Amino acid sequence: MAQTDEMSAAPESAPEPDPGTAPGRKAKPRRKGRRILLISGGVVLALVLAAAGTGFWLYRHLESNLSTVDIDKALGEDRPAVLPTGAQDILVLGSDSRSGDNGELAGGDVGGTARSDTAMVVHIPEGRANATVVSIPRDTMVARPACTTAAGKQVAAAPRVMFNSIYTTAGPACVVKTVETMTGLRMNHYVEVDFAGFKELVDAMGGVEITTDVAIDDKYSGLHLPAGTHVLDGTQSLAFVRTRHGIGDGSDLGRIGLQQKFLLSVLSQLQRKGTLSSPTKAYGVANAATKALTTDTSLGSLTGLLDFAQSMKGLQPERMRTVMLPVVADRIDHNRVVADETRAQQLWQALREDKPVPAATAG
C-alpha cells in the first residue's frame, strides 16, 4: 500500500462568496456539468481502452467523447522550463458545481458556478516506475498571476485569493499558471474529470472497494458508512471523496486523505485481474471515462492518451506516494490556510530535482 503522510488539522472553512461566472473553455462540444477529481494522467484509460477492443466506429465514438483545453496556447512561452530530468508533471483538477446533471447530487456548491474542488500535482520521474502525488487544499490562500480567460478577458494579478476560486474567475489555464508559479514546475499535462461522469465511471466499474477505519456520518455529503470494508457505487463514491464533516475535525484537510485513498483504490481495482475481462464492461468503462475526461490538447485524442499511458505502464499504485502541500493557519482569516513556505519550497525543489521528498516537508 502506498505511503500516505498524516495531515495537520485546520479550522473549518466558512461559506464562500460566489466569485463570478465561469468563463467559456471548451475546444470540443461536451455534456453539461463540471468536473471532480478521479484519477491522474492516462493510466486508467490505457487499461480500459486496451480491454475495450478495436473497431473503427468504437474508436471514433470514444474519441468524440473527449474535450480539450489548449493550455500551451493560453500560456505562451512565459512558463517554467521543461525539466531536463525527463520527469512528467500533471495537474489533475476537479471542480464542484450543481448545474446540469450534477444538480441531483448531495452536498457541495449549490450555485451554478464551478470551483476547483480538488487539485493534485502528479510528479512522475523518468523511468515511470513511481510517482509523488501532492494535494493542494482548496482553501489555500495564494497569489494569482495575471491571466487571460478563454474568452479573451484580462484578469489582473491578485496577491491573496482562495485557490479554488481561480477556476471560476479565470479558467483552467489560469489554474495551471498559478500552480506553475507556486511550484516552479512546468505542467506537462492537464486533466479534469466531470462530476456526473465520475459517478457513471464508478458504476461502470461495478463499484469501488474502500476500507474505512472509522465510521463516517456526514449529512452534508449524504455519506453514512460504518467502519469496515465497503463496495461503493457511483453516488456513494462521490460522497466519499467530498465528505469532510463526517471525519476528523471536519476541516477540508481531512477530506484530502479520503481522496488519496480513493485514487489508489481505483487504480488497484482497474489493474486487478478480471475487473475488465468482459469486453462489454470494458467498453462501458471506456465510454464513461472518455465522456468524463477533459485534457490538454496534446492528450486530447485516443492516440495521445494511449501513447502517454503506454509510457506509464510500469507505474503501480503501491509505488505512488501521496502527500499534502504543507500549510499553516492563515493569520488574517483562520478559516483559511497558507503554504508553510519553507517546507513547501523544499517539497517543490525535491520534485524539480527528482529527489525523494523529505518526510519533514510533507504536510
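Buried means under 20% relative accessible area, exposed over 50%, and partly exposed in between, with a 1.4 Å probe and protein chains only. The model is predicted: local features need pLDDT of at least 70, side-chain atom pairs count only at pLDDT 80 or more, and totals for chains, interfaces and linings use all residues. Residues are numbered from 1 along each chain as its sequence is written, and side-chain values use heavy atoms, with hydrogens and water left out.

**View 1. Helix α9 and its buried residues.** Helices (H or I, at least four residues) and strands (E, at least two) are DSSP runs, numbered from the N terminus. Helix α9 covers residues 279–292, 14 residues in total. From first C-alpha to last it reaches 20 Å, close to the 20 Å expected at 1.5 Å a residue. The expected span is 1.5 Å times one less than the number of residues. Buried in α9 are Ala282, Tyr283, Val285, Ala286, Asn287, Ala288, Ala289, Thr290 and Ala292.

**View 2. The salt bridge between aspartate 72 and arginine 79.** A salt bridge is a side-chain nitrogen of Lys or Arg within 4 Å of a carboxyl oxygen of Asp or Glu. Here the closest N and O atoms are 2.7 Å apart. Aspartate 72 is partly exposed at 46% relative accessibility. Arginine 79 is buried, with a relative accessible area of 11%.

**View 3. Lysine 199 and aspartate 203 in helix α6.** This pair forms a salt bridge, the closest N and O atoms lying 3.4 Å apart. The two residues are four apart in α6 (residues 195–205), so about one helical turn separates them. Aspartate 203 is partly exposed, at 35% relative accessible area. Lysine 199 also counts as partly exposed, at 25%.

**View 4. The salt bridge between lysine 355 and glutamate 353.** The closest N and O atoms are 3.1 Å apart. Lysine 355 is partly exposed at 49% relative accessibility. Glutamate 353 is partly exposed too, with a relative accessible area of 36%. Elsewhere, salt bridges that share partners join Asp72, Arg79 and Glu180 into one network. A search of the whole structure finds seven salt bridges.

**View 5. The chain around these close-ups.** The chain holds eleven helices and 17 strands. Of its 363 residues, 57% count as buried. Contact means heavy atoms within 4.5 Å. Among contacts between residues at least 6 apart in sequence, 73% join residues at least 24 apart.
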